[in-house]
Amino acid sequence: MSVKIERLQNEFVEKISKIIREEVKDKTIDFVTITYAKISNDLSYAKIYFTCLDLDKKSEIEKALNKASKFIENKLCNIIDIRKMPELSFVYDDSIEYGNKIEDIIEKINNE
């Protein structure tokens, strides 16, 4: 992965978090944390990973974020200067839950 893409991914995480926090009016999206952005090498797609406090509403929040993706793309166009704005898609980041599950298994093995 190029340094430019890595830098852009970090910038996307920061800027999208700010846009969601300050400009998106949908209350469904409150308490969402953007954890990672994966941008394709040709800058056509960006998969944005998020977590939320209320795990029961993660699919509802994912739908709301994907619905607001065009609004977020337009705001990003004004903030980030790149030749082509990637199409955003939001995906729930289950790596934290997976890590906790592995940690619990290791702890259980150590206690036996």
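Student: So contact means heavy atoms within 4.5 Å. With that, how much of the contacts in the chain with a separation of 6 or more comes from residues 24 or more positions apart?

Tutor: Those residues account for 65% of them. Keep in mind that this is a predicted model.

Student: Noted. What's the order of elements from the N terminus on?

Tutor: The elements run α-β-β-α-α-β-α, with four helices and three strands in the chain.

Student: And how many of the residues count as buried?

Tutor: The chain has 112 residues, and 33% of them count as buried.

Student: Which residues touch the most other members of the largest nonpolar core?

Tutor: Phe12, Ile16, Ile72 and Phe90 do, in a core of 30 residues. At least two core residues come from each of H1 (3–22), S1 (32–39), S2 (45–52), H2 (58–67), H3 (69–79) and S3 (87–92). H1 gives the largest share, seven residues.

Student: What does Ile72 touch, leaving out residues up to four places away in sequence?

Tutor: Ile72 touches Ile16, Ile19, Ile20, Val24, Leu88 and Phe90.

Student: Back to H1. How far does it reach from its first C-alpha to its last?

Tutor: H1 reaches 29 Å with its 20 residues, close to the 28 Å expected at 1.5 Å a residue.

Student: Which residues of H1 are buried?

Tutor: Ile5, Leu8, Gln9, Phe12, Val13, Ile16, Ile19 and Ile20. Looking down the axis of H1, these buried residues fall within an arc of 145°, so they line one face of the helix.

Student: Why would a spacing like that work in a helix?

Tutor: An α-helix has 3.6 residues a turn, so residues three or four places apart point the same way.

Student: Then what's on the face turned away from the buried side of H1?

Tutor: That face carries the exposed residues Val3, Asn10, Glu14 and Arg21. The cover over the buried residues of H1 includes S1, S2, H2, H3 and S3.

Student: Switching topic: how many aromatic pairs does the structure hold?

Tutor: Two. In one, the rings of Tyr36 and Tyr49 have centres 6.1 Å apart and planes at 40°, so the pair is tilted. Tyr36 is in strand S1 and Tyr49 in strand S2, 13 residues apart.

Student: How accessible is Tyr36, and what about Tyr49?

Tutor: Tyr36 is partly exposed at 37% relative accessibility. Tyr49 is partly exposed too, at 22% relative accessible area.

Student: And how are the rings of Phe50 and Tyr92 arranged?

Tutor: Their centres are 5.6 Å apart and their planes at 80°, so the pair is edge-to-face. Phe50 lies in strand S2 and Tyr92 in strand S3, so the pair ties together parts 42 residues apart in sequence.

Student: Are Phe50 and Tyr92 buried or exposed?

Tutor: Phe50 and Tyr92 are both buried.

Methods: Residues numbered from 1 in each chain as written. Predicted model: local features only at pLDDT ≥ 70, side-chain atom pairs only at ≥ 80, totals over all residues. Heavy atoms only, no water. Core = buried A, V, L, I, M, F, W, Y, C linked by side-chain atoms within 4.5 Å. Buried < 20%, exposed > 50% of the residue type's maximum accessible area, 1.4 Å probe, protein only. Expected span 1.5 Å × (residues − 1). Arc of directions from axis to C-beta. Phe/Tyr/Trp six-rings, centres within 6.5 Å; stacked < 30°, edge-to-face > 60°.
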